[in-house]
Amino acid sequence: MKKPSIIIVGSSNTDMVIKSPYLAKPGETILGGTFFMNAGGKGANQAVAAARLGGNISLIAKVGNDIFGKQAIELFKKEGIDTTHVFTDKKHPSGVALINVDDNGENCIVVASGANAALIKEDIESAKDKIANASIVLMQLETPVSTIEHVASFAKVNGVKVVLNPAPAAELSDELLQNINIITPNQHEAGMLTNTVVDDVDAAKHAARILNGKGVETVIITLGANGALLYEKDFFTEIAAPVVKAVDTTAAGDIFNGALVVALSEGKTMKHAVEYACNAAAISVTRLGAQASAPYRNEVADAPA
Ligand code: ADP
């Protein structure tokens, strides 16, 4: 039987990272850094994570007509991701993130969205059949909100489950929230969405109730090393994260979201899907990198049957 398809709408960036002893101050030049380049962008990270866990993934994204865009598309294909709707923009370059990391792991990031910001709702037209026949659509906030709103309302009308990972943090319209089935903020994002400070489980519960009151059926707030809080049907479930030695938590949320949608697309219960997502994300934090840290299906405990 063909696997239920998952659509991921989102960003693709190239992360250009320089490690230096400390972060540069305005006007300062620091010599002696080391440089490396990684494929990134929340949409791409989540698509790679979900594909490695066995999901049937189509990515809707936009890259520039340049070497970074071409490399990104090649990488997606290697991961088994359907790239039919990864568009190449003629005017804008591929998205780039300049990341400076210091010896303490502190970082400073500037993103030039480039082609990601040019993923407009007209681009979605050619993918509408695919969206209407999908089981789940997963989105984040690194592409224009107007496009996300458009996809969410189209998916909802067609009975397709909409999962929104509201990252990076932003305030969202009530109209958009009403079209979201499952929202997956981290603590900071949950605080931003609800105008509250989310710094413990009780505060997360309060934020989850607010989001539910705005029309989101299921709220999953990720709590870093403390796992995740699930709220649905007036019921809270706290899911602990496996205890691991974290070396790099970059993209933990992305791996979590990719794993979550794979488990849900395979008919797992919400609780089981969140446990699976916690297991996958815990593996990723024990490894360096974003996409590089995403585990394969045979590595993750309790893989959905
Ligand atoms: P984000 O990466 O978006 O900031 P979180 O920090 O909440 O989001 O992490 C997402 C998920 O990754 C958590 O719900 C948890 O399952 C897992 N995770 C993050 N940090 C750790 C850690 N130190 N140990 C185990 N799991 C972790």
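**The sheet and its helices**

Analyst: This is a predicted model. Start with the open sheet: 9 strands make it up, in the order 5-4-1-8-9-10-11-12-13. Their pairing is mixed.

Look at the edges next. Strand 5 (86-89) stands at one edge and strand 13 (235-239) at another. Each has a single partner strand, so one side of each lacks a neighbour in the sheet.

Now move to strand 10 (residues 182-183) and strand 11 (residues 218-222). These two pair in the parallel sense, over 2 bridges. Ile183 has Val219 of strand 11 as its bridge partner.

Two helices pack on this sheet. Helix 2 (residues 67-78) touches strand 4 (56-64) and strand 5. The direction of helix 2 makes about 175° with that of strand 4. Helix 9 touches strand 1 (5-9), strand 8 (136-139), strand 9 (161-164) and strand 11. The direction of helix 9 makes about 175° with that of strand 8.

Helix 9 has a helix partner too. Helix 9 (residues 252-265) packs with helix 10 (residues 270-285) at an angle of about 145°. Their axes are 8 Å apart, and the crossing is right-handed. From helix 9, the contact residues include Ile255, Phe256, Leu260 and Leu264. From helix 10, they include Val274, Tyr276, Ala277 and Val285. His272 and Ser284 of helix 10 also take part. By class, this contact has 14 nonpolar and 2 polar residues, and no charged ones.

Notes: Residues numbered from 1 in each chain as written. Predicted model: local features only at pLDDT ≥ 70, side-chain atom pairs only at ≥ 80, totals over all residues. Axes fitted to C-alpha atoms, helices over the stretch in contact; angles between N-to-C directions. Helix = DSSP H or I, 4+ residues; strand = E, 2+ residues; numbered from the N terminus. Left-handed = near helix turned anticlockwise from the far one by under 90°. Contact = placed C-beta atoms within 7 Å. Nonpolar A, V, L, I, M, F, W, Y, C, P; charged D, E, K, R; others polar. Pairing = 2+ DSSP bridges.
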